[in-house]
Each structure stands twice: as C-alpha cells, then as structure tokens.
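This briefing concerns pairing between charged side chains and the solvent exposure of the residues involved. Please consult the sequence and the structure shown here alongside the points that follow.

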Amino acid sequence: MKYIIKFKKTGVICYTSHLDIMKVFKRSFKRAGIRLAYSQGFNPHPKMGFAQPLSLGYRGYDEYIEFETAADYNEKYGEEILEALKRIMPEGLTLVSIKEAPELKKTLASMTVAAEYDIRIPLAQPLDEDAKALWSRYMGQERITALKKQKKKKEPVVIDIKPKIRQLTFNPKDDSLVLNAVLDAGSESNLSPELLIDTVISSLGIECDRAEITVSRLELQFKE
C-alpha cells in the first residue's frame with residue numbers, strides 16, 4: 001500500500017540537512033516496526049521520498065513524504081503508522097496526517113508545480129515606499145536577472161527569474177519587509193527563494209545579513 005504523510009518542520013531541526021531528515025524517517029520506520037517495500041536491482045532502497053527537498057534553515061508547514069509498505073494494510077493501519085511514528089519523531093518534526101494513495105501513479109515530486117513562501121527581511125530603517133510602490137519598482141522591471149549555479153558547469157549563468165514568479169506581494173513594516181511569494185517549483189521549472197531574495201535586496205537597495213532573513217514554505221502546489 002502507498003501512503004502519504006503530511007508534516008511540519010520547525011525549530012532547530014530546520015538546520016538539519018535534507019539527507020539527514022531522510023535518514024531520520026528511515027530509522028523511525030524501522031523502530032516503529034513498519035515494513036517498507038524496497039526497489040529491485042543491485043542496490044535496493046526503500047520506496048520513500050519527499051515531495052520537494054527543503055533547503056537548510058527553511059521552516060516547512062506543508063511538507064509531504066510518500067512511502068510504500070511491504071504488504072497491503074487497511075485504512076486503520078495507516079492511523080496506527082502515524083501514531084507509532086509520532087512517538088518516535090524528534091522535536092520539530094510534527095506529523096499532521098496520513099492518507100492512502102493507491103491510485104497515485106506518479107511521484108509527488110513529479111507532480112509539484114509551485115510553492116508558497118513567507119520571507120522576512122529585517123530592515124535597519126523603515127522603507128520610504130508603500131507596498132504598491134515597492135511591487136511596481138521590482139516587478140516593473142522588464143527582466144529580473146540573477147546568477148544561477150549550474151550543476152555541470154563551473155561558471156554560473158544569468159537567468160531571468162521574472163517568468164518563474166507566479167505571485168508576489170510586499171508588506172513593509174517598521175523593522176522588516178515581509179514577502180509572500182508563489183514561485184515555480186519542481187522538475188519542470190524551479191525558482192529558489194534565494195534568487196528572489198538576492199534580487200529584491202539588490203533592486204530595493206536593502207542592506208542586511210542573509211543569516212537574519214527567515215524563510216518559511218507555507219504550501220506546496222501540485223498538478224491536478
């Protein structure tokens with residue numbers, strides 16, 4: 001049977017890497033006595049995976065992990081899985097719900113199309129412009145260019161991120177600038193919030209330490 005668990009990632013565990021979080025889940029399944037299905041071949045591995053990796057330091061409030069068990073179980077067993085894992089999970093990984101997904105033919109990763117983020121940029125002093133003016137100054141650019149690192153190339157390439165920004169709002173406060181952004185996410189088109197942050201700071205002339213900026217992923221959006 002295939003299951004999907006929705007969970008949150010908050011607190012200090014946000015500074016645990018994606019690969020280590022995967023290890024946490026693998027060990028938790030084993031400790032809870034849940035038999036996972038394995039792939040075939042020379043190097044079999046458990047059939048489990050996240051909808052989308054969450055960058056180091058990001059909070060996640062709408063995260064998903066899908067997995068397959070080694071045998072068919074009834075709906076009640078899904079709830080037993082959830083309760084067993086809740087007792088084991090470390091602080092900061094909060095399991096919200098579980099559901100069966102026998103009809104799901106594609107992975108959640110391949111179905112992801114966008115993600116919504118809350119980004120909070122601290123300000124040394126309040127901005128002179130209101131939300132509408134800030135949006136116009138940033139989104140009014142013909143192209144919003146950023147340097148993106150390529151996996152197979154040493155030199156970064158210049159890309160236009162504007163087409164990958166689905167929605168963006170600015171909410172200036174006295175001590176911070178709050179961005180709500182819906183960005184392309186997934187295998188077909190993906191925009192890292194880091195590139196959005198870099199270009200916003202540059203365009204608006206904001207000076208701040210990146211370590212003071214907080215990013216939360218509020219929602220993942222999937223193909224229907």
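In this predicted model, Lys-86 has a relative accessible area of 38% and is therefore partly exposed. Its salt-bridge partner is Glu-83, with an N to O distance of 3.7 Å. A search of the whole structure finds nine salt bridges; three of them are described below.

**Pair within a helix**
- Glu-83 and Lys-86 both belong to helix α2 (residues 75-86), where three residues, about one turn of the helix, separate them.
- Glu-83 is likewise partly exposed, because its relative accessibility of 38% falls between the 20% and 50% limits.

**Pair between strands β1 and β3**
- Lys-6 and Asp-62 form a salt bridge in which the closest N and O atoms are 3.4 Å apart.
- This pair links distant parts of the chain, since Lys-6 is in strand β1 (residues 2-9) and Asp-62 is in strand β3 (residues 59-68), 56 residues apart.
- Lys-6 is partly exposed at 26% relative accessibility, whereas Asp-62 is buried at 6%.

**Pair between strands β10 and β3**
- A salt bridge joins the side chains of Arg-217 and Glu-63, with 2.5 Å from N to O.
- Arg-217 lies in strand β10 (residues 214-222) and Glu-63 in strand β3, so the contact ties together parts that are 154 residues apart in sequence.
- Arg-217 counts as buried, with 4% relative accessibility.
- Glu-63 is also buried, its relative accessible area being 3%.

Methods:
Residues are numbered from 1 along each chain as its sequence is written. This is a predicted model: local features need pLDDT of at least 70, side-chain atom pairs count only at pLDDT 80 or more; totals for chains, interfaces and linings use all residues. Side-chain values use heavy atoms; hydrogens and water are left out. A salt bridge is a side-chain nitrogen of Lys or Arg within 4 Å of a carboxyl oxygen of Asp or Glu. Helices (H or I, at least four residues) and strands (E, at least two) are DSSP runs, numbered from the N terminus. Buried means under 20% relative accessible area, exposed over 50%, partly exposed in between (1.4 Å probe, protein chains only).
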